[in-house]
Amino acid sequence: PKAAPEAGGADGRRRPTTHSWLLYLTDCPRGGETLLLSTRAGDSELAHRGGVSPGPRRQIAATKPKQGRLLIMPHACPHEAAPVVDAPKVLIRGELLLIWGNTCGGARPQN
């Protein structure tokens, strides 16, 4: 299992990141979608290491690459890329550390 990426906080502490982001720099007319997949039992236990449990998944959503589009997803969200038909597909990927509570001046959202 791989370790989740880390981010440094303003207090100098290193923490595992919580979300990934993709910023699409080009349109991709055919193919190249980021496919969001269903979760399985055991995914949440592996998310902090950047993994998901093995087994079949169903597609629940697809994000088409469009210049300027930003996709943010929690590490616990299983996903994969559809094959690119019309190249190139160009994007920038990064990591986020979201901290809820009084340390950021806000409260954790209610479900």
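A residue counts as buried when its relative accessible area is under 20%, as exposed when that area is over 50%, and as partly exposed in between (1.4 Å probe, protein chains only). By this rule Cys77 is buried, because its relative accessible area is 14%. Cys28 is buried too, at 1% relative accessibility.

The model is predicted, so local features need pLDDT of at least 70 and side-chain atom pairs count only at pLDDT 80 or more, while totals for chains, interfaces and linings use all residues. Residues are numbered from 1 along each chain as its sequence is written, and side-chain values use heavy atoms, with hydrogens and water left out.

Strands (E, at least two residues) and helices (H or I, at least four) are DSSP runs, numbered from the N terminus. In a regular strand the side chains alternate between the two faces of the sheet. In β4, residues 34–37, Thr34 and Leu36 point one way while Leu35 and Leu37 point the other, and all are buried. Two strands pair if DSSP finds at least two bridges between them. Four bridges link β4 to β5 (residues 59–63) in the antiparallel sense, with Ala61 of β5 as the bridge partner of Leu36. Strand β7 (residues 79–81) also runs antiparallel to β4, and the two are joined by three bridges. Here Leu35 has Glu80 of β7 as its bridge partner.

A further set of strands comes next. Three of them form an open, antiparallel sheet in the order β6-β3-β8. Because β6 (70–74) and β8 (91–96) stand at the edges with a single partner strand each, one side of each is left without a neighbour in the sheet. On average, neighbouring strands of this sheet are turned by 20 degrees against each other, direction ignored; the axes are lines fitted to C-alpha atoms (for helices over the stretch in contact), and angles run from 0 to 180 degrees between N-to-C directions. Strand β3 (residues 19–24) pairs with β8 over six antiparallel bridges, and Tyr24 stands opposite Leu91 in β8.

Finally, His75 lies in the loop between β6 and β7. His75 is buried, with a relative accessible area of 17%. The side chains of His75 and Glu95 are joined by a polar contact of 3.0 Å. Such a contact is a pair of N or O atoms within 3.5 Å; within protein, one must be able to donate a hydrogen and the other to accept it, and residues adjacent in sequence count only if both atoms are side-chain atoms.
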